[in-house]
Amino acid sequence: MNTRAIIGVNPQLPYSMEEAINRLRINVSFFGSDIRKIMIVSSEPNEGKSLVAMNLWRQMAGAQEQSILVDVDLRKSMMVKTYQISREDGRELWGLSHYLSDNKKIEDCVLTTEMEYGDMIPNVNNVVNPSMLLESRRFSDLLEMLAANYRYVFLDVPPLGLVSDGERIGHLCDGAILVVRGGVTPKSVIRNSIAQLERAGCPLLGIVLNRVGAGGGKYYGKYYGKYYGKYYGNITGDTMGNIRKANTTQKCPVTMKTGNKPAS
Ligand SMILES: Nc1ncnc2c1ncn2[C@@H]1O[C@H](COP(=O)(O)OP(=O)(O)OP(=O)(O)O)[C@@H](O)[C@H]1O
Ligand SMILES: [Mg+2]
């Protein structure tokens, strides 16, 4: 019997963004029944992976597709804090790193939610070097088990550009959705990410061009510089065009634009 989670923060997305995620959900549902484990990834920090992953999972579960959201950002996960996730029974919350390192049972780490079709595995304790955990048999077996029990397994992962976790996880997934921050992520960086996915043998299912029209480079360096390395700098120009050019070898069936979410 799984524990039920309380998700304290449920931000209402603006209509245009809700619609964009809805289109993404529909596109994902056309990928076919072999595509179950889907990694939501980006090149750099702060491009909107967690926001896209959380809302895609919500919408998929809302459409009665059994879905689980797995927080695989074992280094610097913010999900529990941002969405104020706790256990309904008030007991200590356990998550992926507990399952992988402490031999906790899976039923102690999978949380059910108010959505009948939406479960989650949060990450509660960040770990300094998760590579061993992500390379372990226990992790690959977990993904197989989840894929056998859920129609969709959405994995929220760290950025590809700064740590190798994304490639490692991608190797075990059926595909990736690459979130790109509109007008900010440099073309060369996107190209590298696509090459990394290719190396990992992880098909690129789609590109989400997030925060179209938003500027703001300061935002990165200030918060993430010390964790992940330096910010790459702004680019100008047609990011969609850049992505098309960058995407030379992999076929990318879905592209989607989301606007800027108004400040709450
Ligand atoms: N379209 C958007 N409009 C406005 N704000 C956004 C948008 N997408 C993401 N954000 C905000 O940007 C911040 C970073 O988003 P998010 O945490 O989803 O990025 P991330 O790629 O998961 O970051 P990290 O690399 O740290 O895991 C959050 O505060 C989020 O609310
Ligand atoms: Mg994130």
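Reply: Start with α1: its face turned away from the buried side carries the exposed residues Tyr-15 and Ile-26. Helices here are DSSP runs of H or I with at least four residues, strands are runs of E with at least two, and both are numbered from the N terminus. A residue is buried if 20 or more other C-beta atoms lie within 10 Å of its own, exposed if 12 or fewer do, and partly exposed in between, with C-beta atoms placed from the backbone.

This is a predicted model, in which local features need pLDDT of at least 70 and side-chain atom pairs count only at pLDDT 80 or more, while totals for chains, interfaces and linings use all residues. Residues are numbered from 1 along each chain as its sequence is written, and chains are lettered from A and ligands numbered from 1 in the order in which they are written.

Now the covered side of α1. Its buried residues are Met-17, Ala-20, Ile-21, Leu-24, Arg-25 and Val-28. They cover an arc of only 145° around the axis, so they sit on the same side of α1. That arc is taken from the directions from the helix axis to the C-beta atoms. The length of α1 fits too: its 15 residues should span 21 Å at 1.5 Å a residue, and its end C-alpha atoms are 21 Å apart. The expected span is 1.5 Å times one less than the number of residues.

Move on along the chain. Ile-35 lies in the loop between α1 (15-29) and β2. Ile-35 counts as partly exposed because it has 17 C-beta neighbours inside 10 Å. Leaving aside neighbours within four places in sequence, Ile-35 is in contact with Asp-174, Gly-175 and Leu-205. Contact means that the two C-beta atoms, placed from the backbone, lie within 7 Å. The C-alpha atoms of Ile-35 and Tyr-152 are separated by 7.9 Å, although these residues are 117 apart along the chain.

Next comes the core. The largest nonpolar core has 64 residues, and those touching the most other members are Ile-38, Met-39, Ile-40, Phe-154, Leu-155 and Ala-176. Such a core is a set of buried Ala, Val, Leu, Ile, Met, Phe, Trp, Tyr and Cys residues joined through C-beta atoms within 7 Å. Met-39 shows some of the links: beyond four places in sequence, its contacts are Leu-155, Val-157, Ile-169, Gly-170, Cys-173, Ala-176 and Cys-202.

α2 gives this core its largest share, 8 residues. Of the 14 residues in α2, 13 are buried. α2 reaches 20 Å from its first C-alpha to its last, close to the 20 Å expected. Asn-46 is partly exposed, with 18 other C-beta atoms within 10 Å. Its phi is positive, about 70°, although Asn-46 is not a glycine. Most residues other than glycine have a negative phi. After α2 comes Gln-64, with a positive phi near 65°.

Strands pair if DSSP finds at least two bridges between them. β3 (residues 67-71) runs parallel to β6 over 4 bridges, and Ser-67 stands opposite Gly-118 in β6. On its other pairing, β6 runs antiparallel to β5 (residues 111-112) over 2 bridges, with Leu-111 opposite Met-120. A hairpin of 5 residues joins β5 to β6. In β6 (residues 118-121), Gly-118 and Met-120 point one way, Asp-119 and Ile-121 point the other way, and all are buried.

Further along, β8 (residues 175-181) pairs with β9 in the parallel sense over 6 bridges. Val-180 stands opposite Leu-209 in β9. β9 is largely enclosed by the rest of the structure because 6 of its 7 residues are buried. Arg-211 counts as buried, with 24 C-beta neighbours inside 10 Å, and its phi is positive, near 55°.

Last, the whole chain. It comes to 11 helices and 10 strands. Buried residues make up 43% of its 264 residues. Its average pLDDT is 84, and 81% of the residues score at least 70. pLDDT is the predictor's confidence in each residue, from 0 to 100. Over residues 214-250, pLDDT stays under 50.
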